[in-house]
Amino acid sequence: MKPSKSPNTGQPSVFHTSRRRFLATTAMGLVALTASGARAKLLFGTGLPWDSGSIEPPRQVLPGPWTFFTPREGELVEAIVERLIPADDLSVSGKDAGCAVFIDRQLSGHYGTSDRLYMKGPFQPGLPTQGDQTDLTPAKTYRQGLKALDDHCRRTMNGKSFTDLSPEQKDKLLTAMEAGEAKFEGPVGSGSLFSLLLQNTMEGFFADPIYGGNRDMVSWKMIGFPGTRYDYRDHVLKHNQKYTLPPVSIGGRGDWARKG
Amino acid sequence: MARKLPHKDVVIVGLGWTGSIIANELCDEGLDVVALERGPWRDTATDFNIGYAADELRYNSRQELMLRPAQTTVTARNNAGQTALPMRQFGSFHPGNGVGGAGVHWAGITWRFSPADFRLRSHFTERYGAQAIPDDMTIQDWGLTYEDMEPYYDRFEYLAGVSGKAGNLNGQLQDGGNPFEGPRKREFPNPPMAQTYGPTLFAETAAKMGYKPFPIPSSLLSRTYTNPLGVTMGQCTFCGFCTNYGCANYSKASAQTTVLPVLMRKSNFELRTLCEVLKVNLDSTGKKATGVTYVDTSGEELEQTADLVILCAFMLDNVRLMLLSGIGKPYDASTGTGVVGRNFCYQMANQVVGFFDPAKYNFNNFIGGGATGMAIDELNNDNFDHGPLGFLGGGSTRCAPIGAEPISKRPTPPGTPAWGSGWKKAMRDSYLSNLSVGCEASSYANRGNFLDLDPTYTDRLGRPLMRITFDFPENDVKMSAYVTKKVGEIVRAMGAQQAVEYPRTGPWSTVPYQSTHVVGGTAMGADPSTSVVNPFLQSWDVPNVFTVGANVFPQNSGFNPTGTVGALAFRAADAIRSHYLKSPGPLVHA
Ligand SMILES: Cc1cc2nc3c(=O)[nH]c(=O)nc-3n(C[C@H](O)[C@H](O)[C@H](O)COP(=O)(O)OP(=O)(O)OC[C@H]3O[C@@H](n4cnc5c(N)ncnc54)[C@H](O)[C@@H]3O)c2cc1C
Ligand code: SF4
């Protein structure tokens, strides 16, 4: 075996044949995995493999038709996120911030299908300390849960649908769902649907706008989060002083775009 | 049948923190080293690109850099009477995946354990008498001393460029450092990081109360630094997207920023990514490993023979590979015999959240990083008299603003609604004016807490998942209640209108994130009847197998583990280089 150059010093690295003698010496050769195709990557003493495209940059979610929701589901979710995050003097509503669009796009990706999670059976009911043990992906939870919500409304609200209710009635029903007290039919309980809706709505409201929610960084401006600025060295020692620069997102800032 | 590949001197399983350190050391010895890593290649410019590294949804909420449970997970239960069920998504801890391992997205708090930690049972017995240690508490000594570890702590700290202030230099206490730490031979390689308002207020208040605050030892760099391997890192910018994220500034020490630029250029090093090791192969005597079998992404099984097998696959997979390969006797909790899987421990994560008057306090919590902040150590380990208290152990207390990405970090006072205008106002008011002080505390081994193979659930390849049987022992719950109350006093003294105490209580839940400081399962020690590896991390049963990781801790200290894990990696490499290669075989005779 040849001694290697150690790149930091330019000196040959320590190499003791005596120490190696005990080790079975096999000719060193490049292991060709060509027979098995480009399955695994072999990286030899060639320096750092700057493998461009090894990770994908996020893509800006574009406005447009629903990618997961049916029109009815979209309507329902918009009505819900508008109550979870209502328009008031602090911000626009969850709907106007794009939370429903965010949820729709998330559900048509790997998040919706739980592709990355452990989804092998057997599925057995567990203890609260064991986490979610259902085979319901977020996509299924929305599809079945929203239908159960619609049915529940028609059944208990004199045939009215959720979208027909007054803001107060909507809040009352959402509160009952939050407590798991609204009795839904089917596999998705009202409490599970509510907690997923709340989690995803908040994700949409606070995530980078590139994912379709938090339009115009509305939540960040409201709370004073500067987003992706990445360098605060000049403010570390400015104790108890307001940070005044406006937020920036992965896609930049609205006022960077050319006007007109 | 697995296809056989040409022989290598050394095969390293996993190229995270420890794998990179050992690989580099053994390459310097002239050995042919191959590392097998189950995840992809990752590097700063491509994977933690500054254009999109600061993405909370992708990296924190969806855990993009971490192990996907679809690949492998664990099952969990609180006691042997329950049926363990799979962690379908990771919650309580977040194992890493891919080159750099969890070291890519760690927080960077880099401690040395207390001298007493390494001889814990002896220490408690000497100070409080044997009866102070409960019968079911299976804590033990490590088989080495702090003095044995000192040179290797030093090497890891200089490799990583740790920023901090010594509290004890060669036995002389130093102002501004941790007065409880073991003696260091020299200062930290870099000065402490600058401090934002929150930790400054914490330190001032704690000092007035008689505590001795000091800067958290941090693997986020306070200045530009070139490490002994010649790799240069940049100054941390307090970007606030640190824990759970890769660093786009080359400021957080990881395999990528400290070792790989050198290791990857060595002609006697080879890395195979997207290759998951299935087991260590033993010869017919069962006392010698012949190499490992692994699978690539096509599903083909390959056999890599080697003279030395080093498991650096993070503690969970290290223990699982030992169990799957039949190395060491599995632990049987009902009889208390056997060793592999024994003494699985965790970390008691306690917290106090302070809500301050928004008109007067602005902490700008988004300015931060995983290891910025100030700490006190009076409440840790055996730094206070446990005689009258009825429990053992404690934790390191620190005010460490890690960032304030708003999907996950916008606490509201108890009683605040979770949605609607009332929520919005309360959330907005507390966003910049809340401040947390945490106490990361010890977790002591208990007879009923262990790891074994699950009888029901398998990974995508049909191999049994590892099963965790764990709950917080009464001792640790009492300790948590005590230290959290003390921390609450400090937060109130800082001026919080409300200090909400969250001492860790049982039962252990797999759902909320606590820490990725799972430890134990293949304890190191001087006695093979209670340990799996000797004090050089060499298997007692199969001496050409070493394992490096927190799996060798016999129990956990009130500190984050990686400073000690990194030091142990250097120590094992040194033992292999200076002793094992001269005379392959057991380094310690039992
Ligand atoms: C969010 C987070 C924050 C943390 N913060 C801190 C902190 O502040 N301070 C601290 O001390 N510690 C911290 N830690 C813990 C720290 O990251 C680990 O202790 C450290 O990375 C352990 O090093 P390791 O080499 O044992 O494992 P890793 O660095 O995880 O490397 C193990 C490697 O082995 C690979 N592997 C596993 N199984 C196989 C297999 N079968 N075949 C092939 N490859 C395999 C993995 O993909 C991985 O790349 C944190 C961890 C996390 C996740
Ligand atoms: S806080 Fe510092 S070390 Fe951490 S990711 Fe940001 S720049 Fe890097």
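A polar contact is a pair of N or O atoms within 3.5 Å; within protein, one atom must be able to donate a hydrogen and the other to accept it, and residues adjacent in sequence count only if both atoms are side-chain atoms.

## Ligand 1

An oxygen atom of ligand 1 lies 2.8 Å from a side-chain N or O atom of Thr18(B). Gly103(B) uses its backbone instead: an N or O atom there is 3.3 Å from an oxygen atom of ligand 1. Asp317(B) places a polar side-chain atom 3.1 Å from a nitrogen atom of the ligand. How much of ligand 1 does the protein bury? Alone, the ligand exposes 990 Å², and the protein buries 99% of that (accessible areas by the Shrake-Rupley method with a 1.4 Å probe; for residues, only the protein chains shown count as cover).

This is a predicted model: local features need pLDDT of at least 70, side-chain atom pairs count only at pLDDT 80 or more, and totals for chains, interfaces and linings use all residues. Residues are numbered from 1 along each chain as its sequence is written, chains are lettered from A and ligands numbered from 1 in the order in which they are written, and side-chain values use heavy atoms, with hydrogens and water left out.

Helices (H or I, at least four residues) and strands (E, at least two) are DSSP runs, numbered from the N terminus. Ala, Val, Leu, Ile, Met, Phe, Trp, Tyr, Cys and Pro count as nonpolar; Asp, Glu, Lys and Arg as charged; the others, Gly among them, as polar.

## Where the chains meet

In chain B, 119 residues are in contact with 105 residues of chain A (heavy atoms within 4.5 Å). The two chains bury about 9400 Å² between them, 61% of it on carbon and sulfur atoms. Buried area is the accessible area (1.4 Å probe) that two parts lose on being put together, summed over both. Arg62(B), Arg88(B) and Trp419(B) supply 10% of the area that chain B buries here, more than any other three residues.

The interface has 36 residue pairs in polar contact, both residues at pLDDT 80 or more. Helix 10 (residues 420–431) gives the largest share of chain B's side, 8 residues. That side has 57 nonpolar, 31 polar and 31 charged residues.

## Salt bridges

Side chains of opposite charge can pair when their charged atoms come close. A salt bridge is a side-chain nitrogen of Lys or Arg within 4 Å of a carboxyl oxygen of Asp or Glu. Three cross the interface of chain B and chain A. Glu64(B) and Arg116(A) form a salt bridge at 3.5 Å, N to O.

Over all chains, the structure holds 42 salt bridges. In chain B, Glu157(B) pairs with Arg184(B), with the closest N and O atoms 3.1 Å apart. Glu157(B) lies in helix 5 (residues 146–160) and Arg184(B) in the loop between strand 6 (172–173) and helix 6 (197–208), so the pair ties together parts 27 residues apart in sequence.
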